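Dear colleague,

I am passing on the structure we spoke about, and below it you will find my notes on what turned up when I went through it. Please read them with the model open beside you.

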Amino acid sequence: MTLLARNDLVGVATPGRRRRAGTRVSWSSLLYLAPALLFFVVFVVYPICTSVQTSFYVYDGLTPSTPAGLSNYVNVFTDPDLRAALAHSLVLLVFYAALPVCIGLLLAGAMSRIRIYGLTVFRAVLFLPQILSTVVVAVAWRGLLASDGPVNWVLQHIGLGAVATSWLGNFDTALPAIGVIGTWVEYGLCMILFLAGIVSIERSLYEAARLDGAGAIREFFAITLPALRPQISIALILTITFALRNFDIIWNTTRGGPGTSTTVPSLYVYLDAFQNRQLGQASAIAVVLTVIIFLVVTAVQLLLRERSGERRASRGQRASRGRRTA
Amino acid sequence: MSHHRALRPLTIAVGAALTALALTSCAAPGSGTAAPASTADTISAKVTPADVAKLGSTTLAVWADQAEQPLMKNFIPAYEKTYPNVKVQVTYKSFDDLLATVVNAAAGASAPDVFEGNIGYAVDGALVKAKLVRPLDDVAKVYGWTTGTGASTLAPARWDAAGTTFGSGTLYGMSPISEVQGIYYNKSKLSALGLKPPTSIADLEKESAAAKSAGEVPMVLGNSDQYAATHIFSDIAVTDEKPAGIRDWIGGKRGTTFETAGNEKAADTLKDWVSKGYFESGYDGLSNEDAIAKFAKGTGVFFVGGSWNGASLNADGFGFGSLASGGVGATASPWHISSKTKKTAAGIAWLDMLHSPQTGQWILDGGRLPVITDGVKAGDSLSEETLNALKETIAAGTQVGYYDWSTTDMLTVMGGALQEVMAGRTSSSDFTKTVQAAWAKGHK
C-alpha cells in the first residue's frame with residue numbers, strides 16, 4: 001500500500017507521467033488527504049453550508065424553524081443600521097488595510113536599506129501586536145485612550161490639551177480611534193511580509209540603480225515596490241479580511257457605541273446569534289459579509305496580479321539567485 | 001502554477017458536490033429537536049436527604065455565574081454534607097459568557113442539571129419557550145416561597161405558557177440574590193462639602209451642583225458597556241412614572257408604551273446633568289468596572305449604581321443613599337432545574353438550600369444582597385445601609401426590574417440611544433420613540 005502510494009507520488013512529480021495522473025483520480029493520494037479533508041469538511045464546509053441553509057429560515061436555535069424565503073436577506077439590504085455598519089467597515093478598511101500596508105512598506109524599506117544593529121529584536125518587537133490576543137490589545141488601548149490616559153497626558157504636555165478627549169467615548173473620534181488600534185495590530189504583519197519579499201530581490205538591481213545615481217526614494221519606487229507586488233497582494237488580502245470581519249476589538253472597547261457610531265456587520269452577527277437568538281438573520285448577515293469579503297479580495301488579487309512578462313522576469317531573478325547560493 | 005490550475009476544476013467539483021450533499025442531506029434547522037419529555041413528577045412534600053439518597057452515588061452538574069464563586073465556596077460543601085451521595089460538579093462562566101451559552105447548553109445532549117439563567121426574553125424566555133426548564137410552582141408551594149419576605153421577588157421568574165410575557169404565571173426559576181439601586185457616596189468628601197447623604201433624585205441634583213461649584217467631580221460614570229446610564233435613567237424615571245406601569249412595560253404587557261412624559265423628562269434630566277458637567281467627561285469611553293475602581297480610589301463624590309457595585313467599596317470610606325422616591329432594583333439571575341435531568345430531587349434540594357437564611361447570610365457577607373432578609377445580619381455599615389434600602393424597596397413595591405429585560409436587544413438599543421441623547425445628538429422624544437419601536441418589534 002505504502003509502496004503503491006509512493007510510486008504514485010513520484011508519478012505526479014515526474015513530468016512524463018503527469019498526464020496519466022491528471023486523468024485518473026489517484027485514490028491513494030486522496031487517502032493521504034483524508035484526515036485533513038475530513039477536518040475541513042466537518043469544521044469548515046459543513047458549518048458554512050449550515051449557515052447558508054439557516055439564512056433562509058427563522059430559527060431561534062431551540063424550537064423548530066420556519067422557512068423565511070429571502071426575508072432575512074431583504075432585511076440585510078434594507079436595515080439602515082446595517083448599512084451604517086457597512087459604512088463604518090469601509091472607514092475601517094483605510095485604517096486596518098491601507099495604513100498598515102503603507103507603514104509596513106515604509107519600515108521594510110528603511111530596514112532593508114539602513115544597517116540596523118539588533119534588527120532581529122526590532123523586527124520581533126514590531127511584530128508583537130500581531131501575536132497578542134486582541135482582547136488584551138483592546139483592554140490595553142482602552143486604558144491608553146481613556147480621558148485620563150497616557151495619550152491625553154502626552155497631548156496635554158506638548159500643548160495640545162485642547163485636542164485631548166475621551167477618544168473611544170466621543171461620537172466623532174471613536175471610529176478612527178478603533179481604526180488606529182487596528183493599524184497598530186496589522187502593520188507588523190505587513191512589515192514582516194515585505195521584509196521577506198525584499199530579501200528575495202536581486203541585490204544587483206539596487207547596485208545598478210545606485211550606479212545610475214538613483215536616491216533612496218527613487219530606488220524604492222523603481223525596484224522595491226514593483227518587486228513586492230505579490231507580498232502587497234497577500235498583505236492586503238489578510239488585512240482586508242481582518243478589517244471586514246473584525247469584532248473582538250470593537251466588542252471589547254465600545255460595543256458599537258457611543259450610540260451606534262462604531263457598529264460593524266460582524267457585531268450584528270454576534271448580537272443576532274447570541275443575544276437575540278435570530279440565527280437565520282445572523283446567518284444571512286454572515287453570508288453577505290463573506291460574499292463581500294470574497295469580492296473585495298478577488299478585486300485586489302485581480303488588480304495586483306502579476307502580468308505574464310513580469311512573472312518570467314521575477315522567476316529568472318529567483319533562478320539566478322538560487323544558482324549563486326548553490 | 002499550471003499544476004495548480006489543472007487541479008482547480010477537480011477542487012471545484014468536489015467542493016460543489018460536498019456543498020450539494022450538505023445542503024440536501026439535512027432537513028430544516030431545528031426539525032430534529034423534539035420537545036423534552038414533559039415535566040417530572042410534581043412534589044407534594046419536601047424533598048428529604050433520604051429521597052436524594054435514592055439517586056445513589058451521583059454527580060450534580062451545575063452551571064453558575066462567576067460572581068457566585070465566593071458563595072459557592074461555602075454553599076457546595078454544606079450541600080454535599082447534607083446530601084452525601086451527591087457530588088457537585090460546577091462550571092463557572094463570566095456573566096456575558098453565561099448569557100451567550102447557557103441556553104444552548106440547556107438544549108444540548110449533556111445539559112447541566114441545575115443552572116442559572118437570566119430574567120427576560122434573551123435567556124429565561126428562550127428556556128421557557130423551548131420547555132428546557134422545569135416548572136417550580138409545586139416546589140414554591142411545598143417550601144413556602146410564596147409567603148414571607150421573598151415572595152414578591154419570584155414574579156420576574158414567572159411566565160405565561162407561550163413564553164411571551166413574564167411577571168405572572170407559572171414559576172420557572174428562583175433567585176436567592178436581590179439587587180437594589182441607589183447612590184454610593186464618598187463619606188469624607190460629602191462631609192467636607194457639608195452635605196448630607198442624598199435620599200432622592202432631587203437631593204442628588206442639588207448636591208451635585210454644590211459639589212461642582214466646589215470643584216469636585218460630582219458623579220463618576222462608566223458607560224462604555226452602555227448599561228450604566230440606563231440604571232441612572234430608571235432611578236430618575238421612577239420618580240415620575242408609576243412602578244406598576246414600568247413593570248408592565250418590561251414584562252411585555254400589550255398596550256403599554258415607553259413614550260411617556262415621565263420618560264422624556266428623565267432623559268432630559270440626564271442630558272441636563274451632562275451639560276452641567278455633573279458626570280466626569282469621557283464617561284462613554286470608560287467601562288463601568290474602571291469607573292467603580294476610580295470611585296473607590298477617591299475620584300468623585302457620588303456613584304449612582306446598585307448593590308452589585310458594593311463589593312468594590314469599603315464601609316469606612318463609602319455610604320449608600322437609598323432612593324426613598326422609589327429605589328429600583330430586581331432579583332438577580334434565577335436558578336433553574338433542567339427539564340431533562342433525572343436528578344430532580346437533588347435539584348430541588350439545591351434550590352431549597354439556596355433559599356435559606358444561612359445562604360442569605362453568606363450572600364450578605366460576600367457583599368451582595370439576599371432575597372431572604374429575615375434572620376440575616378449585616379457585618380458593616382455599608383451592607384446594612386444597602387440591606388435596609390432593599391427592605392424599603394421591597395416593602396414599597398418599587399422593585400420594577402431592569403428595562404433591558406423587555407426585549408432581547410433592549411440593552412443595546414436603549415443603551416446606545418441613551419448615549420445619543422446624553423451627548424445632545426438626539427432629542428428625548430427621539431429616544432423614547434427608538435426604545436418603543438424596538439419594544440414593538442420584540443412583541444409583535
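Strand β7 (residues 302-306) of chain B is mostly covered, since five of its five residues are buried, where buried means under 20% relative accessible area, exposed over 50% and partly exposed in between, with a 1.4 Å probe and protein chains only. Helices here are DSSP runs of H or I with at least four residues, strands are runs of E with at least two, and both are numbered from the N terminus. In a regular strand the side chains alternate between the two faces of the sheet. On one side of β7(B) lie B:Phe302, B:Val304 and B:Gly306, on the other B:Phe303 and B:Gly305, and all of these are buried, which leaves both faces covered. Strand β6 (residues 177-186) of chain B pairs with β7(B) in the antiparallel sense over five bridges, pairing being called when DSSP finds at least two bridges between two strands. Within that pairing, B:Ile183 has B:Val304 of β7(B) as its bridge partner.

Before going further, please note that this is a predicted model, in which local features need pLDDT of at least 70 and side-chain atom pairs count only at pLDDT 80 or more, while totals for chains, interfaces and linings use all residues. Residues are numbered from 1 along each chain as its sequence is written, chains are lettered from A and ligands numbered from 1 in the order in which they are written, and side-chain values use heavy atoms, with hydrogens and water left out.

Chain B also has an open sheet of four strands in the order β2-β1-β3-β10, with mixed pairing. Its edge strands are β2 and β10 (335-337) of chain B, each of which pairs on one side only, and neighbouring strands of this sheet are turned by 20° against each other on average, direction ignored. Strand β1 (residues 58-65) of chain B has six of its eight residues buried, so β1(B) is largely enclosed by the rest of the structure. Eight bridges join β1(B) to strand β2 (residues 86-93) of chain B, and the two run parallel; B:Val62 stands opposite B:Val90 in β2(B).

Across β1, β2, β3 (114-116) and β10 of chain B lies helix α13 (residues 344-354) of chain B, which runs at about 160° to β10(B). Such angles run from 0 to 180 degrees between N-to-C directions, and the axes are lines fitted to C-alpha atoms, for helices over the stretch in contact. B:Thr344 belongs to helix α13 of chain B and is buried, with a relative accessible area of 12%. Its C-alpha atom is separated by 9.6 Å from that of B:Leu55, although B:Thr344 and B:Leu55 are 289 residues apart along the chain.

Another buried residue of chain B is B:His231, with a relative accessible area of 10%, and its place is in helix α9 (residues 228-237) of chain B. Leaving aside residues up to four places away in sequence, B:His231 touches B:Gln181, B:Trp308 and B:Tyr402, contact meaning heavy atoms within 4.5 Å.

Turning to chain A, there are 16 helices and two strands, and of its 326 residues 41% count as buried. Among the contacts in chain A with a separation of 6 or more, 67% come from residues 24 or more positions apart.

The axes of helix α14 (residues 265-275) and helix α15 (residues 279-303) of chain A come within 8 Å and cross at roughly 160°. That makes α14(A) roughly antiparallel to α15(A), given that angles under 35 degrees count as roughly parallel, over 145 as roughly antiparallel, 65 to 115 as roughly perpendicular and the rest as oblique. The contact involves, among others, A:Tyr268 and A:Val269 of α14(A) and A:Ile285 and A:Leu289 of α15(A).

In the other pair, helix α6 (residues 119-131) and helix α9 (residues 174-199) of chain A pack at an angle of about 130°, with their axes 6 Å apart. That makes α6(A) oblique to α9(A). Residues that meet there include A:Leu126 and A:Phe127 in α6(A) and A:Trp184 and A:Met191 in α9(A).

With best wishes
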